[in-house]
Every structure is written in structure tokens, then in C-alpha cells.
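Here's a quick briefing on some backbone features and chain-level numbers. Have a look at the sequence and the 3D view first.

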Amino acid sequence: MFQKILIANRGEIAVRIMKTCREMQIPTVAVYSDVDAAALHVMNADAAVHLGSAEPSESYLNINRIIAAAKQTGATAIHPGYGFLAENAQFAQACHDNDITFIGPSAEVIKKLGDKIIARNIMAKSGVPVTPGTTINSNNPDEWAQAAETIGYPILIKAASGGGGKGMRVVHSPENLEESCETAASEARTAFGDSTIYMEKYLDKSRHVEIQILCDSHGNAIHLLERECSIQRRHQKIIEETPSTALTDALRKKMGQAAITAAQASGYVNAGTVEFLLDDTGKFYFLEVNTRLQVEHPITEMVTNIDLVRHQIEIAAGHPLLLSQNDIVGRGHAIECRIYAEDPENNFFPSPGKIQFLKEPTGPGIRNDCGVYTNFDVPVEYDPILSKLIVFAETRNLAIQRMIHALQRYAVIGPKTAIGFMLDVLSSKPFQRGETHTDFIDVHFKNWKPNLSEKQIACAAFLADNLLAEKKDNTRNETPSERISVWKQLGNFRL
Amino acid sequence: MDYRLKCQNTEVPIQCNVEKSHQFSAALENKTLYISAERISPYELFLTIDGRHYNVFIHGNEQEKDIQINGREYHIEDMDLLEQQSAGASEIETAPSDVIPPMPSIVTRILVQVGDHVEKAQSLIIVSAMKMETTLSAPYNGVVTKIHVAEGDKVAAKQVLMDIDED
């Protein structure tokens with residue numbers, strides 16, 4: 001097993017990976033940028049290496065500095081998390097060239113599958129159904145227009161090296177095409193360092209259903225059931241659940257088999273996710289393979305009772321998979337709500353800033369994968385995820401009730417969050433009936449306004465806060481480091 | 001003590017009577033609430049209102065507060081205090097027609113130069129926050145007289161990035 005693992009990421013995912021490393025008694029190394037010196041992932045690691053300034057290219061995307069940090073600390077493996085360098089073939093190759101194990105598939109596989117265009121071709125050849133449409137690989141506006149005409153509007157523009165909704169745009173008519181392509185390409189360049197984009201037919205009544213796979217280096221491959229991730233804003237998932245209400249056992253088996261075929265066609269090793277679009281007739285189409293641990297992996301962990309990070313580490317260390325397909329049985333129902341610093345009343349725009357106060361919900365069947373704490377300043381430079389709230393219960397209805405309860409007990413003061421919005425989604429009839437399609441938010445929650453039924457209580461709280469003002473900590477205007485300093489609170493003393 | 005609070009664009013007049021240091025009544029919307037309050041931390045209050053318990057999270061100052069109850073956030077303002085304040089400082093208010101980012105962000109691209117004539121809705125500056133790009137466009141027709149930022153600069157929400165002389 002590895003002597004030490006460096007986690008080349010930040011926030012909740014770095015913290016989550018460190019938890020499993022600790023259980024496995026593997027020491028961890030964090031890396032961080034200027035703005036993350038006091039981040040939770042730094043404090044949760046056994047050691048940490050400063051990378052550079054806040055810009056991702058100087059820190060979390062800087063391959064040379066991360067490799068140097070691993071060598072300097074004696075880390076023999078690197079876990080990339082998701083985002084940043086997680087699906088960067090050059091990074092996986094650099095690890096390999098420096099005798100560091102990359103916890104993920106090989107550089108060659110990442111490269112093939114990371115190029116969404118090549119990936120589609122591999123799948124089509126192996127008989128995995130792909131989304132209708134044409135792929136293009138060009139930066140020429142005339143070719144974009146031509147390709148869009150051939151596919152037929154509405155079309156979906158995506159980044160060839162993309163993921164997480166970055167660089168994605170739906171275009172309904174030709175006049176918006178060029179601008180959308182340019183913004184998408186620019187976003188793709190910022191987020192992934194590659195501005196190549198491509199187009200697909202946009203299917204509007206579909207569900208996003210993905211299959212978790214685990215493949216070892218000895219030729220064993222299994223799937224760990226599905227996750228439904230249809231509730232999305234800005235093409236980025238916000239609520240996920242498993243099992244999907246749309247899958248029968250037969251369809252689940254068929255999609256699971258297609259995912260394993262997809263993995264084997266590409267020579268996949270480690271944990272991965274095969275994403276499909278599922279239409280209302282039960283037809284499904286390959287979207288892409290995510291060659292990393294997914295943001296929403298915890299819901300799979302809850303229903304299968306399997307620690308995916310532990311399996312990633314064991315597979316990377318060359319251990320054979322001891323699980324067979326028959327061992328994988330889903331129990332109960334799990335839901336995840338992503339808690340981002342964002343404003344649901346303002347098109348889910350990021351809302352960075354200092355967390356004045358944070359209170360995480362606890363209770364039976366509640367898990368909160370959190371990367372922040374009270375007084376942490378959420379940086380403007382990175383993805384605004386604060387935490388992922390996951391619940392697990394016997395049935396879907398009970399899981400919904402449990403999530404509503406957990407969201408009601410979750411307090412985040414400072415950045416805005418979509419907690420109130422997600423409460424309304426979970427309480428809505430269409431969600432409870434399982435009518436979850438990728439256009440769910442546009443159809444049911446387009447101009448959402450919060451449902452504020454306890455106005456009088458809030459007014460009473462306003463008065464109570466004034467009334468009890470003298471009891472308030474009067475150090476509010478100080479910086480967090482001043483406030484938490486023990487020395488200040490101790491007063492004068494001599495040694 | 002009388003208050004005029006504003007919650008979600010509705011004005012709520014309240015008569016407040018402090019009975020003991022932790023207890024008060026509030027008459028509002030044809031109803032009187034009897035409230036007992038405990039402060040748990042600067043941001044947490046435990047309220048008992050007509051016998052029912054509420055855990056409330058709160059942040060703000062005398063004029064305005066954000067209040068979270070059961071996962072919902074209420075923004076409440078004290079209209080009397082805000083009116084006093086704005087009477088003194090109304091001229092400093094930023095005109096809503098300025099070129100301002102909606103959130104703290106980083107300038108990724110500047111699409112115009114000083115001296116350029118721009119038309120209403122023309123794209124001027126692209127800013128990015130947390131990897132999301134937003135295009136700021138011209139609020140009216142005019143000539144760019146000054147650009148206050150450079151590409152790569154960090155800017156605050158509502159910071160004026162560019163001056164435009166309206167036609």
C-alpha cells in the first residue's frame with residue numbers, strides 16, 4: 001500500500017478523500033494556494049505544501065508544482081479528486097513519469113475518453129448507443145453554423161475536454177450561435193485549458209442517468225447501479241438520487257451492461273462513471289465517461305455500503321477487486337443536495353464571501369461532506385461548492401422527508417445558498433412523483449421566489465436580536481484571525 | 001416601542017412591549033405574539049413564541065438583518081432607520097445604469113477602448129467568478145471616457161468598472 005497520498009484538490013472532496021486515507025492509516029499531504037492557507041482541507045491533512053497564488057494555473061492546475069510537492073513530501077500516490085487536474089492526461093502521465101501512482105485511469109485512457117469526440121466514436125463502434133447528432137472539432141464560425149444546421153436546432157454546445165456544465169450552452173436559433181460558441185470556448189479555456197467545443201442535438205424531455213463502474217487492473221469490471229442527476233441548473237447537477245424512479249430492473253441491467261461494455265472498450269481501470277441520457281420510451285444514449293470520482297458518489301456509497309475512495313486506492317495499488325456483480329445490491333434510497341454559495345433568485349450566480357456562521361445538520365441517515373467552516377472566506381477563484389448534504393432512508397418518500405428535515409436544520413450565514421430553493425423542489429408534487437427531467441427547473445421553477453410563510457416569526461426574531469444586542473459578541477468587525485486568537489481572550493499574563 | 005419593518009416588499013408595523021429583559025410582546029398584523037428569547041451565539045437565537053420553539057439564525061445590524069428559519073431566509077429592514085440614513089446619503093447611491101459586476105469577480109476580457117463609441121447592450125467587459133463568465137454590456141449609447149480596471153484585476157460587486165459619457 002502507499003506510504004503517503006497527496007490530494008491534488010481542495011474543498012469538500014479533498015476533505016472526504018482524507019477521511020478514507022485516515023481510516024486506512026495512510027498519511028496525507030494537502031496542497032493549497034494563497035487564499036486557501038486556512039482552508040479545511042489543509043487542516044485535515046497530516047502535512048501541506050503551498051503551491052502559489054490563487055489563480056488555478058499557479059496552484060491547483062500547476063502540474064510541475066504538484067509533482068514537486070509530492071516528491072518533496074515523499075508521497076507515492078496522488079488522488080486528484082474531481083475538477084482541476086482529475087481528468088488531465090498530461091498530469092496522469094507526469095505522475096507516471098515521476099514514479100508516482102495516479103489514483104485513476106491511465107493517461108492514455110483519460111486522453112481517449114476525455115476527448116468527448118473520440119469517446120463517442122469508441123462507444124459507437126462497440127455498440128453503445130450515442131446521442132443523435134454530429135460532432136465537429138473546429139474553431140471556425142462558418143463550420144459551427146453548418147454543423148448546427150445539419151444537426152437541427154435546438155443544439156447543445158459542449159467543451160471537448162469539459163465536464164461539470166462548464167462551457168455548455170443550449171442554442172435554439174442561428175442568431176445566438178456565434179456568441180454562444182465563443183463564450184463556451186472561452187469558459188472551456190479558463191476551466192480546462194482547452195477551448196475546443198462540439199455540438200450535439202439537445203433532447204429536452206430526457207433524464208440524466210449515470211452508472212458507477214469499478215474496474216481493476218486484472219480485468220474485473222463491475223457496475224454499482226445508477227444515479228439519477230436530472231435536476232440541474234446551468235447544466236450542472238444540484239440534486240441527485242439513487243435508485244432512479246425511471247429504471248426497471250431489466251433496464252438497470254441493460255444500462256449496467258452497456259456501461260461495462262463502454263469501460264472495457266476503452267481499457268478502463270479504477271472508478272469511473274458512464275453517463276447516459278434516458279428518454280421517456282426507455283431508450284438511452286451514451287453521453288460521456290467521467291474518468292474520476294464523481295461529485296455525487298456518496299449516494300452510491302450509501303445504497304451499496306461501499307467506500308468508493310477506498311476501492312480507488314486499492315485498485316491503484318494493484319489489488320484485485322474482491323467484489324463480484326452479484327455482491328452489489330442496492331438497499332433503500334439516497335438523495336444528495338449540493339450546497340453551493342449561489343443565489344437562486346439571481347440565476348444561481350455565485351455568491352462568494354465570508355461564512356459568518358455555519359451549522360451542519362446531523363441525525364439518523366444524514367451525511368454532510370463539508371469543505372468549509374464558520375469564518376472561512378469562500379474564494380472567488382474556484383467552484384463555489386460548500387458541501388454536499390446526503391440522506392439515506394428505507395424508501396424514496398422517507399428519504400425526501402429526511403432531506404427536507406436536514407435542509408431545514410442547515411444554517412449558512414454569509415454567502416447565499418439554494419437551501420430554500422431545494423426545500424421547495426423536494427416538497428413539490430412533480431419531484432415527489434419522480435417526474436424528474438433535465439428541464440425540471442426551467443419547467444417548474446423558472447422564476448422561483450422563496451416561499452416565506454413565517455414572516456411574523458422573522459419579524460419577532462429581528463426585534464429579539466435588537467433586544468439582546470448587548471449580549472452579542474462585540475468583536476464583530478475584527479478579522480477572523482483576531483477573533484479566534486486565544487491570546488487576545490486570555491488577557492495579560494506573564495511567564 | 002414602535003417599529004416599521006419591511007419583509008419581502010411588505011411593510012409590517014409592529015408595536016413592541018418589553019416586559020422583562022428576555023421577554024416581549026409584538027403586536028403585528030392584527031395579532032399579538034408573546035416572545036421569550038435567548039441568545040445562543042452572535043448568530044443564533046432560541047425563541048419561544050406563544051409556547052412554540054424556534055431556532056433562528058441571524059446576521060446583520062440594526063437597520064437590516066438576514067434571518068434563517070427552518071431553511072428559509074428572510075431579509076428584514078427597519079424602514080425608519082433606513083429612511084433616516086438615506087436622507088443623508090442619497091447622492092452617493094450608485095446609479096443602476098453603471099457598468100458594474102453583480103458579484104465579486106475577476107476581469108477576463110475588456111472588449112472596448114477609451115474613446116470608443118458604444119451602443120446600448122453592446123458587450124463591454126467579461127468578468128468571471130468561480131469559473132462562470134458574465135458579460136457586462138453598455139447601459140446606454142455613449143463614448144467610453146475611462147476604464148478603471150485591467151484584465152486580470154479582482155473587482156468587488158457593484159464596483160464601477162468603466163465611465164461612459166451618454167450621448
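This is a predicted model: local features need pLDDT of at least 70, side-chain atom pairs count only at pLDDT 80 or more; totals for chains, interfaces and linings use all residues.

Residues are numbered from 1 along each chain as its sequence is written, while chains are lettered from A and ligands numbered from 1 in the order in which they are written. Helices (H or I, at least four residues) and strands (E, at least two) are DSSP runs, numbered from the N terminus.

**Helix α4 of chain A**
- In α4 (residues 89-97) of chain A, the buried residues are A:Ala89, A:Phe91, A:Ala92, A:Ala94 and A:Cys95.
- Buried here is 20 or more other C-beta atoms within 10 Å of the residue's own, exposed is 12 or fewer, and partly exposed is in between, with C-beta atoms placed from the backbone.
- The cover over those buried residues of α4(A) includes α3 (63-73), β4 (77-79), β5 (101-102) and α5 (107-114) of chain A.
- After α4(A) comes A:Asp99, with a positive phi near 60°.

**Cis peptide bonds in chain A**
- As background, most residues other than glycine have a negative phi, and most peptide bonds are trans.
- A:Tyr153 and A:Pro154 are linked by a cis peptide bond with omega near -5°, and A:Pro154 sits in the loop between α7 (141-151) and β6 (155-159) of chain A.
- The bond joining A:Thr242 and A:Pro243 is cis too, with omega about -5°; A:Pro243 lies in the loop between β11 (236-242) and α9 (249-265) of chain A.

**Positive phi in chain B**
- B:Gln8, in the loop between β1 (2-7) and β2 (10-20) of chain B, has a positive phi near 50°.
- B:Gln8 counts as partly exposed because it has 13 C-beta neighbours inside 10 Å.
- B:Asn30, in the loop between β3 (23-28) and β4 (31-41) of chain B, has a positive phi near 60°.
- With 5 other C-beta atoms within 10 Å, B:Asn30 is exposed.

**Chain B overall**
- Chain B has 1 helix and 15 strands.
- Its radius of gyration (over C-alpha atoms) is 23 Å, well over the 15 Å the globule rule gives for 167 residues, so chain B is more spread out than a compact globule; that rule is 2.2 Å times the number of residues to the power 0.38.
- The C-alpha trace of chain B spans about 65 × 35 × 20 Å along its principal axes.
- Of its 167 residues, 30% count as buried.

Conventions: Two residues are in contact if their C-beta atoms, placed from the backbone, lie within 7 Å.
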